Amino acid sequence: VTVWLPTSIDEAVSALADPDAQVLAGGTDFLVEVNAGHRRPEVVVGLGRIRELQEWQRLGGWVRLGAAVTYTQMLQPDLAGLLPALAHAARTVGSPPIRNAGTIGGNLGTASPAGDTLPVLAALDAVVEVAGPEGVRDVVVEDFVTGPKRNALSPGELVTAVRLPVLRGPQEYRKVGVRNAMVIAVASLALAVDIEGRTVRCALGSVGPVPLRARAAESWLAERVDWERPAVTDAAAFGQFAALVAQVARPIDDHRSTADYRRHAVRVLAERAAARAFEPGATA
Amino acid sequence: VTPPYVLTVNGAEHHVTDAWLGENLLYVLRERLGLPGSKSGCEQGECGSCSVIVDGTLKCACLVLAASAVGSEITTVEGLQPSRGEFTEVQEAFIVEGAVQCGFCTPGLIVAIHDVLSRNPAPTDLELREAISGNLCRCTGYGRILAAAQAAAGAMARDREG
């Protein structure tokens, strides 16, 4: 085994030219596989020494997160205030030591259907920045996650950053699991209200092979919002919105839950998230 | 990184020889450096028994590639106390409050509670529960552990004042 600890993105890309090289980010997925004997790495490129990957900046109406920004960083008040749904999602990941290790780039690299940040990234139309031997490129998140544990990275590429819009309006992330801590989502949902753009954005996790946008439900609810206040006056609207959201789910039965329960759970999450987002005072 | 490599643990440099570079930090601490305080429970970050501090941050040692920790400051449960046989306020409180039964989870909990109290000297009950949410104890039901953490917070506050 060879372990490289590059200190710049360029050095990392050079090390990844080795076809046997595997990227090590926070280690919360990688080491589990190594410890269980399911992964036998030959060449490891650890990203922990690349300072620029650990930083985030506000760029006008966007936030740019380095790929090695951790869940704990997402919970810090300055960042959480700009990206509240991402902070909600980060809070549900693992436990404090897991949140200290796991990164947003790692969540994208693993591309698990249950990845907690992925519905948030999908709802916000996040852009993934990728570096590789051919240079850098942008990939919208819906094109980045291509299947369960599959992503659009080509050999030799790594995720370097994620760009997310800063929206004015309430945001929610909700998740069902067997307890509050240390839980992999059985179903999850991100919802964001964009008061300027007069849109509602909603994406689902753990109920399909990739994060799923509920676009028909989004526009149905947006048409029922009084955007001057903003408010939804028809109390029955949230239940109908939730039914439309649940139609998008493509869940499966597995060791964590059943398809039927997931479809039910995601509908409940949608109704609660929408009601919470539009409750009086939430949009002030 | 090529073997032998050097890890800085509890302020001392340790040479790691004859190691496979895919080893996790927990294995290296226990099996190569003679530091068995960190326990090996699940090896997947679920149980918290291997909690250590790496560069000031609480981590599960089983999820750290040991070779990637070259140049980092690692503190294990053995490094918390001033000298062998002397207890920290947290360790003392665990004894006084009866927070230890089988003891397997205890080192991880001691490290996690040191970590939270270093950042938040007067945590609420909910903050403490979240801080130890990654540490599984199958004996105590957590009540005495939480009592010990609060007792330690009180003792540390008195130390600072007095």
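Predicted model: local features only at pLDDT ≥ 70, side-chain atom pairs only at ≥ 80, totals over all residues.
1. Helix packing in chain A. Helix 10 (residues 215–222) of chain A packs against helix 11 (residues 237–248) of chain A with the axes 8 Å apart and at an angle of about 165 degrees. Because angles over 145 degrees count as roughly antiparallel, helix 10 of chain A is described as roughly antiparallel to helix 11 of chain A. The crossing of helix 10 and helix 11 of chain A is right-handed. On the side of helix 10 of chain A, the contact is formed by Ala217(A), Glu218(A), Trp220(A) and Leu221(A), while helix 11 of chain A contributes Ala237(A), Phe238(A), Gln240(A), Phe241(A), Leu244(A) and Val245(A). By class, the residues of this contact between helix 10 and helix 11 of chain A comprise 8 nonpolar, 1 polar and 1 charged.

2. Helix packing in chain B. Helix 2 (residues 89–97) of chain B and helix 5 (residues 143–161) of chain B have axes that come within 8 Å and cross at roughly 135 degrees, an arrangement that makes helix 2 of chain B oblique to helix 5 of chain B. The crossing of helix 2 and helix 5 of chain B is right-handed. From helix 2 of chain B, Glu89(B), Val90(B), Ala93(B), Phe94(B) and Glu97(B) meet residues of helix 5 of chain B, among them Arg144(B), Ile145(B), Met156(B) and Asp159(B). The contact of helix 2 with helix 5 of chain B divides into 10 nonpolar residues, no polar residues and 4 charged residues.

3. A buried arginine. Arg262(A) lies in helix 12 (residues 259–277) of chain A, and it is buried, with a relative accessible area of 3%. Leaving aside residues up to four places away in sequence, Arg262(A) touches Val186(A), Ala187(A), Ser206(A), Val207(A), Pro251(A), Ile252(A), Asp253(A), Asp254(A), Arg256(A) and Ser257(A). Arg262(A) and Ala187(A) are 75 residues apart in sequence, yet their C-alpha atoms are 5.8 Å apart in space. A polar atom of the Arg262(A) side chain lies 3.2 Å from the backbone oxygen of Ser206(A).

4. Ser95(A) is found in the loop between helix 5 (84–91) and helix 6 (96–101) of chain A, and its relative accessible area of 0% places Ser95(A) among buried residues. Not counting residues up to four places away in sequence, Ser95(A) touches Met182(A) as well as Ser133(B) and Gly134(B).

5. Cis peptide bonds. Most peptide bonds are trans. The bond from Arg229(A) to Pro230(A), however, is cis, with omega near -25 degrees, and Pro230(A) lies in the loop between helix 10 and helix 11 of chain A. In chain B, the peptide bond from Pro3(B) to Pro4(B) is also cis, with omega near -5 degrees, and Pro4(B) is found in the segment before strand 1 (5–9) of chain B.

6. Positive phi angles. Most residues other than glycine have a negative phi. Asp125(A), although not a glycine, has a positive phi of about 55 degrees; Asp125(A) lies in the loop between helix 8 (118–123) and strand 6 (127–132) of chain A and is partly exposed, with a relative accessible area of 32%. Asp18(B) also has a positive phi, near 55 degrees, and is found in the loop between strand 2 (12–16) and helix 1 (25–32) of chain B. At 72% relative accessibility, Asp18(B) counts as exposed.

Terms used. Residues numbered from 1 in each chain as written. Chains lettered and ligands numbered in written order. Heavy atoms only, no water. Axes fitted to C-alpha atoms, helices over the stretch in contact; angles between N-to-C directions. Helix = DSSP H or I, 4+ residues; strand = E, 2+ residues; numbered from the N terminus. Parallel < 35°, antiparallel > 145°, perpendicular 65-115°, else oblique. Left-handed = near helix turned anticlockwise from the far one by under 90°. Contact = heavy atoms within 4.5 Å. Nonpolar A, V, L, I, M, F, W, Y, C, P; charged D, E, K, R; others polar. Buried < 20%, exposed > 50% of the residue type's maximum accessible area, 1.4 Å probe, protein only. Polar contact = N/O pair within 3.5 Å; in protein donor to acceptor, adjacent residues only side chain to side chain.
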